Amino acid sequence: MSLPQLASTCNEPTAVAQPIRQRGQHEVFCGLTSIIWLHRKVQDAFFLVVGSRTCAHLLQSAAGVMIFSEPRFATAIMEERDLAGMADMHDELDNVVARLLERRPDIRMLVLVGSCPSEVIKFDLTRAATRLNAVHAPRHRVIAYSGSGIETTFTQGEDNFLAALIADKVAAPSGGTPAKLVVVGCLADVVEDQFARLFAELGLNGVVFLPGRDAIKGLVMGPDTRFILAQPYLGATAAALEARGARRIDAIFPLGAEGTSAWLRAICTAFGVDMVRFDAVVAQPRRRAAEAMAHYRPWLEGRSVFFFPDSQMEPSLARFLSREMGSELLEVGSPYLHREHVAGELALLPAGVIISEGQDVDLQIERCRDANPDLIVCGLGLANPFEAEGRVSKWSIEFSFTPIQGFEQAGDLAELFARPLMRNAMLSGGAERRGAAQ
Amino acid sequence: MKLSMWTYEGPPHVGAMRIAASMQGVHYVLHAPQGDTYADLLFTMIERRQSRPPVTYTTFQARDLAGSTADVFKTACRDAVARFAPDALLVGASCTAELLQDDPGGLARTLDVPIPVVPLELPSYQKKENWGAAETFYRMVRAFVGRAPRPENIPANSCNILGPTSLGFRCRDDVTEIVKLLTDEGLDVRVVAPLGATPADLARLPQAAFNIVLYPEIADVTARWLKTAHGMPFTSTVPIGVGATEQFLAEVRALAGLPKRESPRRDRLTWYSRSIDSNYLTNKRVFIFGDATHAIAAARIASEELGFRVCGLGTYMREFARDVRDAAARYGVEALISDDHLEVEAAIVAARPELVLGTQMERHIAKRLRVPCAVISAPTHVQDFPARYSPQMGFEGANVIFDSWVHPLMMGLEEHLLQMFRDDFEFNDGAAASHLHPQAPAVKPAADPAPVAAAIAVASPVGVIATWTLEAERELQKVPFFVRGKARRNTELFAQGKGIHPITVETLYDAKAHFAR
């Protein structure tokens, strides 16, 4: 990627056409699903969904085998007697919580998660959290947020959780010096540790990751606290931080070598780190990332890719594929585009690429079939039907569950896209399948 | 409000989806928010279904609540009919939409779509998946069969098979097996429903002489209605196991007016179970849990055909609690009726089984307890859709069951024997195999550290600290290692009950006699 090219693309934000917006059936997860990675990350928190049997069934279907290990989440299933007013819902919830805390005394933070049915009946979980805190705090801290599918899509559950966490952490600061930089968005522990080492080498201290491994550790913010998003789906969280005086460092997201460099550079610029030092620190990992990615580039170069909406990470993933892997983008679908936060990403996409926001899944499937991409990035409900048509698919949920951020994971990210194409080439009958699809 | 970490059954609309997905030419418009679309992946991932299930979700959002979610529903119906051109439309609501009280059935009637519309009322906050599937099948059959009189001169050997569904436990192969079996017996199988049936096929149900109910959880309600409304008798035996299959064939022959016939044994289970190495299976304690049909059938096979001892029997299907209680009484155990897996786990621990037959959840419980296990029932898992032919029903099903229950037990025994031989002077880790180079380094096994204390206190699973005399502890070491744990437990239980302290060699053998079976 030569520099003049980069500059010219950056200067033409108008090249991005108006996104397609259609109102029809969405085929996406609700915000509850983010509990699957949140409970792994935040090790002292327990997520209690207040919802229906459907919520419980969704979680166990999404969690797969994890569900058998008594994970740190559960559902308080509302029943007929709760809804018919035969039982007081708040009393019922108190009882469920008391039983749960008795069984799991190790829980430090209990997170009440609102669902579609609890939202529709306007069951006030924030009020419930306040009441439960009066009983169980400080041994068990209780907070609440909504992961309901009528308000949130998949990763937006994490956004609401972090916003609630900020409100709580700032309300109950643990004292100490204010954070200089808050890195916002769930990152796998291995990625967090890599970034922490890089920050140390860059001479940056006072860096706090949100969420960290301990939920109850307070967050101290000062007048100079800056924050940077590590994930593109955190609109409410950013607003919560900004409302408390923190200023956002704008950057593209740390996916691929280019994204990670740009993200770190933005931090360094904000904190006045010498660019010579920056270049020295990132040179080695960036070289390693390039080396790892090079293995997979032949599989992805010139291949056409179609993204169905899933996690809001799609513009960043598409930018990575287009600029670092040389892939062709046919459509980049996202459940929601935060204009400000993804502006940098959209500006780096090739001119004229089709962007879609929201979904009418039937129409989108038709567009996809017409476009006949080499690789379809889509959810698990669509992947096998596409494969049965002789197409090649990559299930998108893996981008939310696999560590893909940072230099050391750039190769893994490329591999996630390349694997279905490699597999298709390996299996006998691959060429015929492709032919059948055309 | 009920705390749930895991559920055996999904919500009732997932049951309705299973019926829609089983059939041809049916489309289900489900008034539901976007998150409910997760249910598609049950079909595309667990069953590896090659097409999307025939379901349209309205995916209304919070902003629609202020306006009209009813309009969103009507648009979705019209679009679905235009796009998928089904022969019939199912309409209903999921848990969230049920609270909106939009009345999908009423709305659909105002739409004037050119195909039959079957409205579903599935109370999400009371009922569960299997009930939803049974209710949906019943509504579909009622809608398409109607009350028109049956034709005259129905051949006596004609029958329908009711109950197999998408995402049902081994339904795909059970249907193949049973159709083949019935055809061999001279029966004419007309309609299999809901799996593979069209609405027109449902309309033809009364043209057969009688119905075969393979899965009562799904088809019992429908079969009862067809009996009441159209006088069609139905079978009551589910052909899982050799005895049940023979009983089933006799019942079917009687219904078809065919003469009684001694059918030749066509299975291998009977002989394998009689062959002497199966002596090892005698009185093995088996804990059984699942849906009602498979649990009851498993208990019969375990007890009558394999010579196990049923030490626990239960179901998560409250609707069939009575049947399971009756069965449990036959084996002298109390039935466990529960949909709380923690309660099931506690029951398994208490029953001390040597084999667990259950759902995926019991498989995990057994794994934790290091007890051999086999899966006999839904909820289904990707492993329940094996690539090979693997029915549970009929004679071939009995063969499959023999293998899938006995192999884990044999593997367990093999592992125990290997570990036991490791202590043997010529089979230990240090001794090289005799066919290898004689100069291979031989490490002398470490000598047994001799216990120094006169009595050994052990934190026992019973909960108290049990004290053993040195002699008793030494005697216990002579018990084969794979039953040693049980011998220790039983002895401590016995000692605790009698207030014996410390445990002597005498106590050990008193306990052995006490627990002898």
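Predicted model: local features only at pLDDT ≥ 70, side-chain atom pairs only at ≥ 80, totals over all residues.
**View 1. An open five-stranded sheet in chain B.**
Let's start with the sheet, whose strands follow the order 11-10-9-12-13 and pair in parallel. At its edges stand strand 11 (336-337) and strand 13 (373-375) of chain B. Each of these has a single partner strand, so one side of each is left without a neighbour in the sheet. As a reminder, strands of a sheet pair through backbone hydrogen bonds, either parallel or antiparallel.

**View 2. Strand 9 beside strand 12 in chain B, with helix 15 packed on the sheet.**
Here we zoom in on strand 9 (residues 285-290) and strand 12 (residues 355-358) of chain B, which run parallel and are joined by three bridges.

**View 3. Thr56(B) and its surroundings.**
Thr56(B) belongs to strand 3 (residues 55-57) of chain B. With a relative accessible area of 7%, Thr56(B) falls under the 20% cut-off and therefore counts as buried. Its side chain makes a polar contact with the side chain of His27(B), at 2.7 Å. Leaving aside residues up to four places away in sequence, Thr56(B) touches Tyr28(B), Val29(B), Leu30(B), Ala76(B), Ala80(B) and Phe84(B), among others. The residues it touches also include Gln25(A), from the partner chain.

**View 4. The interface between chain B and chain A.**
Stepping over to the contact between the chains, we find 56 residues of chain B touching 59 residues of chain A. About 5,000 Å² is buried between them, and carbon and sulfur atoms give 60% of this area. Between the two chains there are also 24 residue pairs in polar contact, counting pairs with both residues at pLDDT 80 or more. Among the elements of chain B that give two or more residues to this side are strand 1 (2-4), helix 1 (12-22), strand 3, helix 4 (69-84) and helix 16 (360-369). Helix 2 (40-46) gives the most, with five residues.

**View 5**
Five salt bridges are counted between chain B and chain A.

Terms used:
Residues numbered from 1 in each chain as written. Chains lettered and ligands numbered in written order. Heavy atoms only, no water. Pairing = 2+ DSSP bridges. Helix = DSSP H or I, 4+ residues; strand = E, 2+ residues; numbered from the N terminus. Contact = heavy atoms within 4.5 Å. Axes fitted to C-alpha atoms, helices over the stretch in contact; angles between N-to-C directions. Buried < 20%, exposed > 50% of the residue type's maximum accessible area, 1.4 Å probe, protein only. Polar contact = N/O pair within 3.5 Å; in protein donor to acceptor, adjacent residues only side chain to side chain. Buried area = accessible area lost by both parts, 1.4 Å probe. Salt bridge = Lys/Arg side-chain N within 4 Å of Asp/Glu carboxyl O.
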